[in-house]
Amino acid sequence: MNIPCRVPVRSPLGAAAVAFLLAVPASAQSPELVFLSNITGTASDGRALATVEEQTSAALDALGEQLAARGLGYEHVVAVNVFLRDTRHFQAMNGVYRGYFPVDPPTRATVEADLPDRDAHVQISAVATPDETEVISPPGLQSPALPYSWGIRAGDVLFIAGATSRDPETYQPVGGDVQAQTRRVFGNIGMILEEAGMGYGDLVSCKVFLDDVRLWGDMNDAYREFVTADDPPARAAVRGGLMNPAFLVEIQCVAERSDERRVVLREGQRRGRSPLSPAIATGERVWLAGMLAQGEDARDEARNTLASLGGTLEAAGLGFGDVEDIWVYLTDVRDASAVLEVLAEVMPGEVPPVTVAGLPLVGRLGVEIQMTAVVR
């Protein structure tokens, strides 16, 4: 019986040697991914949990129970998203969180959001895998002082932590406008990719959290300098309160090395000059962008958005039954129930894990939906 483990990748041989070592056939695999979403800890045995420390502990205990039900443990978690109702709870949350992941913690992004559970201070979504993983720690990038890893690789899939504008040698914030910060963010992401034997062209999906949605255009100008022109990654960009007031943008990405990579377009659709693809297919998965559509209300927006997502899945030879993870971004989190009802209408059978958060959108629409599907 093979025991899954994490192998730290921190090599003095340089990126080229690491790339060669990682190119052996054993790494050419698509990992099994397990998605767990919207975990909170607002009550225990009928007792209200008032503090963020109590709720964080209860939420992480619940995560552990859900992992155990699938034969997994905390060591199998590769990526975490933490949503806090108030950024002032960041340090208290971290104090508890660190105890659950004392060694080789998963990659992570933490943003302030409005939560569907009105009693919740903290909400957690996670990705885990039973497969062997590798911690990616570039020697030129200072190890995080916070409880997360820069990158974790499982087979051909690399999970990259939410990156902010930090000096690679000191981990200290690097200021400047959003374009300068976006360039520094991608500089650090590039170091993680290189250490994993990958490049910007292997990015398949990104989430961009902006402190102010009015910065979207300037961020985009810098963003397009790094992503490939012909097949940029799928992407969602929303407003998320960042944990340090020095930061204007945080970018969390997934990369996948694949010879079958292609952009997926619905019939008659053109990608144009946008720095994102509607979807990236890799032969093993389809990573869809956050999509939006006009409508009379949130329910109508959700239906029209799902029509676009369904058309994209169909162009990839898949359907809603192949979806394994869903993210719903809402300008008004009170629309969560209506959007989830629409999702239940279109999904054949049980709805896969859904992360729902009040993260205001760029523009005037209120519903954005992002999906990941697996080729079975």
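In this predicted model, strands 5 and 6 run parallel and are joined by six bridges. Within this pairing, Val-80 stands opposite Arg-108 of strand 6. Both strands belong to an open, mixed sheet of four strands, arranged in the order 2-7-5-6. Strand 2 (34-39) and strand 6 form the edges, each pairing on one side only. From one strand to the next, the twist averages 10 degrees.

Two helices lie across this sheet. Helix 2 lies across strands 2, 5 and 7, and its direction makes an angle of about 150 degrees with strand 2. Helix 3 lies across strands 5, 6 and 7, at about 150 degrees to strand 6. The buried residues of helix 3 (residues 90-100) are Phe-90, Met-93, Asn-94, Val-96, Tyr-97 and Tyr-100. An α-helix has 3.6 residues a turn, so residues three or four places apart point the same way. The cover over the buried residues of helix 3 includes helix 2 (52-68), strand 5 (77-84), strand 6 (107-112) and strand 7.

Strand 7 (residues 122-128) contains Gln-123. Is Gln-123 buried or exposed? Gln-123 has a relative accessible area of 1%, and because the limit for burial is under 20%, Gln-123 counts as buried. Beyond its neighbours up to four places away in sequence, Gln-123 touches Asn-38, Ile-39, Thr-40, Asn-81, Val-82, Phe-83, Leu-115, Pro-116 and Val-356.

| Partner of the Gln-123 side chain | Distance |
|---|---|
| Asn-38, side chain | 3.1 Å |

By contrast, Ala-163 is 40 residues from Gln-123 in sequence, with a C-alpha to C-alpha distance of 20 Å.

A further packing arrangement involves helix 6 (residues 298-315) and helix 7 (residues 336-346), whose axes are 8 Å apart and meet at an angle of about 35 degrees. The crossing of helix 6 and helix 7 is right-handed. Helix 6 contributes Ala-298, Arg-299, Ala-302, Arg-303 and Leu-306 to the contact, while helix 7 contributes Ala-338, Val-339, Glu-341, Val-342, Leu-343, Glu-345 and Val-346. By class, the residues of this contact comprise eight nonpolar and four charged, with no polar ones.

Key
Residues are numbered from 1 along each chain as its sequence is written. This is a predicted model: local features need pLDDT of at least 70, side-chain atom pairs count only at pLDDT 80 or more; totals for chains, interfaces and linings use all residues. Side-chain values use heavy atoms; hydrogens and water are left out. Buried means under 20% relative accessible area, exposed over 50%, partly exposed in between (1.4 Å probe, protein chains only). Contact means heavy atoms within 4.5 Å. A polar contact is a pair of N or O atoms within 3.5 Å; within protein, one must be able to donate a hydrogen and the other to accept it, and residues adjacent in sequence count only if both atoms are side-chain atoms. Axes are lines fitted to C-alpha atoms, for helices over the stretch in contact, and angles run from 0 to 180 degrees between N-to-C directions. A crossing is left-handed if the near helix is turned anticlockwise from the far one by less than a right angle, and right-handed if clockwise. Ala, Val, Leu, Ile, Met, Phe, Trp, Tyr, Cys and Pro count as nonpolar, Asp, Glu, Lys and Arg as charged, and the others, Gly among them, as polar. Two strands pair if DSSP finds at least two bridges between them.
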